[in-house]
Amino acid sequence: MLVVEPDPNLDREALAAAALDDSSTAGDDQRRARDRGDLGKRLWLATWPKVAAIAIALLLWQMVVWSGWRPEYVLPGPVTVFRRLRELIADGTVWDAVYVTMRRAIIGFAIAVVIGVIVGGIVSSSKVARSAVGSMITGIQTMPSIAWFPLAIVLFKLSEGAITFVVVLGAAPSIANGLITGVDHVPPVLLRAGHMMGAKGFSKFRHVVLPASMPSFVGGLKQGWSFAWRSLMAGELLVTLGVFSVGFLLAQYRNVQDYPGLIAMMIVILVIGILVDSLVFGTIDKWVRRRHGLLND
């Protein structure tokens, strides 16, 4: 009988390959576990300060209520307010109001961005325009939103147009100033490099000036949103069109002395502001800083 002896070299190669596969699999598992651990750590580091701040704020709020500084029917505690907020969420009141308010905010802010970019681009590229209206933009920005409402009501009556008018005037100057500041701080070497590569006119602004000015421009957008949001809240408090909005509910709950509902809607306003800042402008800001080498992660 013919007996075939196994080749010891083949056995060693098979064992080495199996060991390599095992070590590779183990290495992949370790990397995945490490990535999960890093992700969990980042989430925890990003979450716990916010949770701690909320807990401290709620504790201080409850301590003020316990102090008896104001009657509890005027200044209700967190438990009462959040119970009322849950009721408003359950019956859909909050969602309807937030939809109307956010629609107004987005429309007004979008118009303000268009106007702000156009005005900022013209002023930043023309010495005559800067001399003529540069200071005027800052002057308009410093005017309180409430000061525009008498004129808005005269021009647009009690309508959506009056609210949009004030929102646009509240946001556009900040956006224009953010773009102007960004253009003013573009390094001259970038302008010379763009000129040498043939960038002129709008092409120069689009491909050289605007990308270089994005950090300041994003800051202007963020500030413009804050002005637009405050203007919108003032507008909804003054121009009540019988439509359920966040500002309308604030006024209604004040009139009927539903103070838990009043504070609940104030919490809704705060939460919307935090979410927009974190999810929208925070994401844009990180993206811009990463592209400019200002963020290491």
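**Close-up views of salt bridges and a nonpolar core**

Lys222 is partly exposed, with a relative accessible area of 41%. Partly exposed means between buried, under 20% relative accessible area, and exposed, over 50% (1.4 Å probe, protein chains only). This is a predicted model, where local features need pLDDT of at least 70, side-chain atom pairs count only at pLDDT 80 or more, and totals for chains, interfaces and linings use all residues. Residues are numbered from 1 along each chain as its sequence is written, and side-chain values use heavy atoms, with hydrogens and water left out.

**View 1. Lys222 and Asp277 meet in a salt bridge.** The N to O distance is 3.0 Å. A salt bridge is a side-chain nitrogen of Lys or Arg within 4 Å of a carboxyl oxygen of Asp or Glu. Asp277 lies in helix 11 and Lys222 in helix 9 (residues 214-238), so the pair ties together parts that are 55 residues apart in sequence. Helices here are DSSP runs (H or I, at least four residues), numbered from the N terminus. Asp277 is partly exposed, at 32% relative accessibility.

**View 2. Arg104 pairs with Glu160 in a salt bridge.** Their closest N and O atoms are 2.7 Å apart. Arg104 belongs to helix 3 (residues 93-125) and Glu160 to helix 6 (residues 160-184), so this bridge ties together parts 56 residues apart in sequence. Arg104 is buried, with a relative accessible area of 5%. Glu160 is partly exposed, at 28%.

**View 3. Asp258 forms a salt bridge with Arg84.** The closest N and O atoms are 2.8 Å apart. Asp258 sits in the loop between helix 10 (246-255) and helix 11 (259-291), and Arg84 in helix 2 (residues 78-90), so the pair ties together parts that are 174 residues apart in sequence. Asp258 is buried, with a relative accessible area of 16%. Arg84 and Asp258 also belong to a network of salt bridges with Glu87. A search of the whole structure finds six salt bridges.

**View 4. The largest nonpolar core has 59 residues.** Such a core is a set of buried Ala, Val, Leu, Ile, Met, Phe, Trp, Tyr and Cys residues joined through side-chain atoms within 4.5 Å. Phe109, Trp225, Trp229 and Met265 have the most contacts inside the core. Helix 11 gives the most to this core, with 12 residues.

**View 5. Met265 touches residues beyond its sequence neighbours.** Neighbours within four places in sequence are left aside. Met265 is then in contact with Leu88, Val94, Val246, Leu249, Leu250 and Tyr253. Contact means heavy atoms within 4.5 Å.

Notes. Helix = DSSP H or I, 4+ residues; strand = E, 2+ residues; numbered from the N terminus.
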